[in-house]
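Please read the points below alongside the sequence and the 3D view.

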Amino acid sequence: MNTMIKAFSGAALALTVAMPSFAEEFRLGLITPPPHIWTKAAETFGAELAEASDGAHSVTVFPARQLGNEAQMLQQLQTGALDMAFMTVAEVSNRAPDFGALYAPFLADDVAHAGRILRSDTAKGMLEQLPAKTGVVGTGYGMAGLRQIVSRGEVETADDLSGLKLRITPFDPILDFYNALGAAPTPMPLPDVYDALANGQVDAIDMDAELIWKLKYYEHADVVVQSDHMMFPMVGLVSAKVWSQLSEEDRAMIGELMAKHVDSTIDTYIEMEQGWLDQVRETGTNYVEVDEDFFGDAVEEWNTIWSEKSSVLEELREVSKSTAEQ
């Protein structure tokens, strides 16, 4: 059992005495659609847990917000009404602001670098605060690659984003970033994005490469901007109330298997992300690549805001430097 899972099983989660093993049908919620990499990882986790427990435990996966949005699912985890979730770190950061530091603009040089940061002891150590702050146990990180911009209008400079209604995931780090750019960040759930972009309800979207390609957002774009401006981490969660009722053996088995399968998404994105972007480029859609300089003062403005909101930002920057390719 790794040290993080040991810690969860100790004083931080000493809600009850250890319980004997018992058969359990767990429910796991996600916001991602069935074909999504996170959903597939959740299903594989459930299958392996059933095998490892000799059929004593099973996991039913509920994708595509079937159990509500992430805020609602987090509330269900806190009460024990939901057992597990693969959830964006975005929602977690709404309750535990330190996690917002993982969204620092250009913290990662590329998707592989993002993976190394998420696998660092510093990032993993942040999970230890979740039981007390959010009522959940974090088993490990996954991700959805890096963020890009898809726009209905031409984007030649960051000034072209000013005033645009730009779809975002509803959480403070990305809200602060686009506010600094002078855009009009517009929170919107994932199922609504395609139609909103198609009918002009939004002018642009902040999105990952997988969904830009697979859900064909580029079809309604005048330009796709490969900016790689933020990583987009995911975390595997178990309700602390559910966790407290598990035997030590089951905690170890569930914690390690879930950590394994959320971590597997990192390797998938490292392998696949550039291919998705290349396929978008090959459609003939106007495609531009930009770097940190494109965003001007917005990056430094974000850093100023979040240096006060998160106690681990500077430590993560040190991790970023130490894990960058030389």
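Is Asp297 buried or exposed? Asp297 counts as exposed, because its relative accessibility is 67%, where exposed means over 50% relative accessible area, buried under 20% and partly exposed in between (1.4 Å probe, protein chains only). This is a predicted model, in which local features need pLDDT of at least 70 and side-chain atom pairs count only at pLDDT 80 or more, while totals for chains, interfaces and linings use all residues. Residues are numbered from 1 along each chain as its sequence is written, and side-chain values use heavy atoms, with hydrogens and water left out.

1. The negative patch. Asp297 belongs to a negative surface patch that also includes Asp291, Glu292, Asp293, Glu300 and Glu301. Patches are made of residues with over 30% relative accessible area and no salt bridge, like charges being joined within 9 Å and nonpolar side chains (Val, Leu, Ile, Met, Phe, Trp, Tyr) within 5 Å; Asp and Glu count as negative and Lys and Arg as positive, with His and the chain ends not counted. The place of a charge is taken as CG of Asp, CD of Glu, NZ of Lys or CZ of Arg, and accessible areas come from the Shrake-Rupley method with a 1.4 Å probe, for which only the protein chains shown count as cover of residues. Asp297 itself lies in the loop between β10 (287-289) and α13 (298-309); helices (H or I, at least four residues) and strands (E, at least two) are DSSP runs, numbered from the N terminus.

2. Helix α14. In α14, which spans residues 313-323, the buried residues are Leu313, Leu316, Arg317, Val319, Ser320 and Thr323. They lie on the same side of α14, because they cover an arc of only 160 degrees around the axis, the arc being that of the directions from the helix axis to the C-beta atoms. Lys321 and Ser322 are exposed on the other side of α14.

3. The structure holds 12 salt bridges, each defined as a side-chain nitrogen of Lys or Arg within 4 Å of a carboxyl oxygen of Asp or Glu. One of them joins Lys40 and Glu43, whose closest N and O atoms are 4.0 Å apart; these residues are three apart in helix α2 (residues 37-52) and therefore separated by about one helical turn. Glu210 and Lys214 also meet in a salt bridge, at 3.1 Å from N to O, and both lie in helix α10 (residues 209-214), four residues apart. Glu210 counts as buried at 0% relative accessibility, whereas Lys214 is partly exposed at 39%.

4. A contact between separate elements. The salt bridge of Asp263 with Arg119 has its closest N and O atoms 2.8 Å apart. Asp263 lies in helix α12 (residues 248-282) and Arg119 in the loop between α5 (111-118) and α6 (121-126), so the pair ties together parts that are 144 residues apart in sequence. Both are partly exposed, Asp263 at 24% relative accessibility and Arg119 with a relative accessible area of 28%.

5. Positive phi angles. Asp54, a residue other than glycine, has a positive phi near 55 degrees; Asp54 is placed in the loop between α2 and β2 (57-62) and is exposed, with a relative accessible area of 75%. Ala64 likewise has a positive phi near 55 degrees, and is found in the loop between β2 and α3 (70-79), where Ala64 counts as partly exposed at 35% relative accessibility.
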